[in-house]
Amino acid sequence: MSDRDQPSAQPSAQRPARPSTEPRPPRRSPSPPWDVHRLPSAEGKTFLVTGGNAGIGYFVAEQLAGTGATVVLGSRNRTKAAAAADCIRAHVPGARVRHIPMDLADLPSLEAVAGALALDHLDAVVHNAGVALDDPPRRVTEDGHELMFGTNHLGHVALTRWLAPLLAAAPAARVVTVGSFAAKTERLDLADLQSAGDDYRPKRTYGRSKLAQMYFGLTLDRRLRAAGSPVRSLVAHPGGALDSLTPSRPPVHVRTSGERLRGLPAGLLVQGKDAGAWPVVRAVLDPSATGGQLWGPRVFGLRGEPRREPVWDHLKDTAVAERLWDVSCALIGAEPGLGFGRAAGWSGRHAGAR
């Protein structure tokens, strides 16, 4: 038997282990699963929800109010905002909710929003408010912009500009832009962003306005990262959300028994606006969520609990995104940085890996 075949006097498996002198890394407790009915506390934080007086925006505001945060409803209609605030207080005992006037179709008026908030910082803004026309004719804002593009997209771009100092003053603020599943099949026409051509179709124009919002939210995050800003920008969409599947919140929303019954078959594919708010709320609150992400419903992007989903392929087109950004800033009369520091001189072509 050769030396290499001789058994060791003390096999290595039986040798006593030497005590390690290196400190062990602390064990990380796994994050608890996200529960839409048991949201994390946001006590002490302040969130602004545009269009928080109705629809998905109302349920976003109601759910955020349940976390202990102060929720500010941005709405042009004082009466509807007051009714929504009262409704939230009725469903969330002790809710901290208030209203500031805001008209996203009136771009010059948005400069006053930051002062109306009367805050030293803002923890998150939810860009939710929107206009949806069902039939022609084409309508324009007082500034001459097509109504849906001007309100849904340009209004939120302008609002972000004026909120930039308050967001930058927060420890880790978020901008959450609410897109639409309708934008998944649309493509922007960079030569006709405001649908001024002869073939004006309101539903197509609406889908494109929401697509423009989603481009904005993702491009904003790239620029914030390039600027070294702690602010993060995320995008969320509600999937398919119907009034007939939405629980009543009188006087904000009243659903009759007949409407509920007629909507039940659709519940196999889509959901109510209360559930449509879930991806938006998670994008605001989830500590694991970060900038540049897209959040939507779990089941085919149409219904179910919120999850992170891959960014749609056409939203990855940075050439379209940069062109839209430049045109949008020019239309609202803003510098390309929108007030977020050195991002003003940043170009997507020069950004490093994320």
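**Close-up views of the predicted model**

**Figure 1. Arg-282 counts as buried, with a relative accessibility of 14%.** Buried here means under 20% relative accessible area, exposed over 50% and partly exposed in between, for a 1.4 Å probe and protein chains only. The model is predicted, so local features need pLDDT of at least 70 and side-chain atom pairs pLDDT 80 or more, while totals for chains, interfaces and linings use all residues. Residues are numbered from 1 along each chain as its sequence is written, and side-chain values use heavy atoms, without hydrogens or water. Arg-282 belongs to helix α8, which spans residues 278-285. A polar atom of the Arg-282 side chain lies 3.0 Å from the backbone oxygen of Pro-306, a polar contact (N or O atoms within 3.5 Å, one able to donate a hydrogen and the other to accept it). Setting aside residues up to four places away in sequence, Arg-282 touches Trp-34, Arg-174, Ala-289, Trp-295, Pro-306 and Arg-307; contact means heavy atoms within 4.5 Å.

**Figure 2. Helix α8 is mostly covered.** Of the 8 residues in α8, 8 are buried. In the protein as a whole, buried residues make up 51% of the 354 residues. The protein has 9 helices and 10 strands, taken as DSSP runs of at least four residues (H or I) and at least two (E). Among its contacts with a separation of 6 or more, 76% join residues 24 or more positions apart.

**Figure 3. Ser-233 is buried in strand β6.** The strand covers residues 232-236, and the relative accessible area of Ser-233 is 0%. A polar atom of the Ser-233 side chain lies 2.6 Å from the backbone oxygen of Gly-217. Ser-233 and Val-125 are 108 residues apart in sequence, and their C-alpha atoms are 9.7 Å apart in space.

**Figure 4. Ser-180 sits in the loop between β5 and α5.** Strand β5 comprises residues 174-178. Ser-180 has a relative accessibility of 12% and therefore counts as buried. Its side chain reaches the backbone nitrogen of Ala-182 at 3.0 Å. With neighbours within four places in sequence left aside, Ser-180 is in contact with Tyr-206, Lys-210, Met-214, His-237 and Trp-312.

**Figure 5. The largest pocket is lined by 42 residues.** A pocket is an open set of points on a 1 Å grid where a 1.4 Å probe fits, with protein on both sides within 12 Å along at least five of seven lines; lining residues have an atom within 4 Å of a point. The volume of the largest pocket is about 1200 Å³. Nearest its centre lie Ala-54, Gly-55, Asn-128, Gly-130 and Val-131. At least two lining residues come from each of α1 (55-65), β2 (70-75), α5 (202-226) and β7 (241-242). Helix α1 gives the largest share, 5 residues. By residue type, the lining divides into 18 nonpolar, 16 polar and 8 charged residues; Asp, Glu, Lys and Arg count as charged, and Gly as polar.

Technical notes. Grid points are joined across faces, edges and corners, and a volume is the space filled by probe spheres set on the points.
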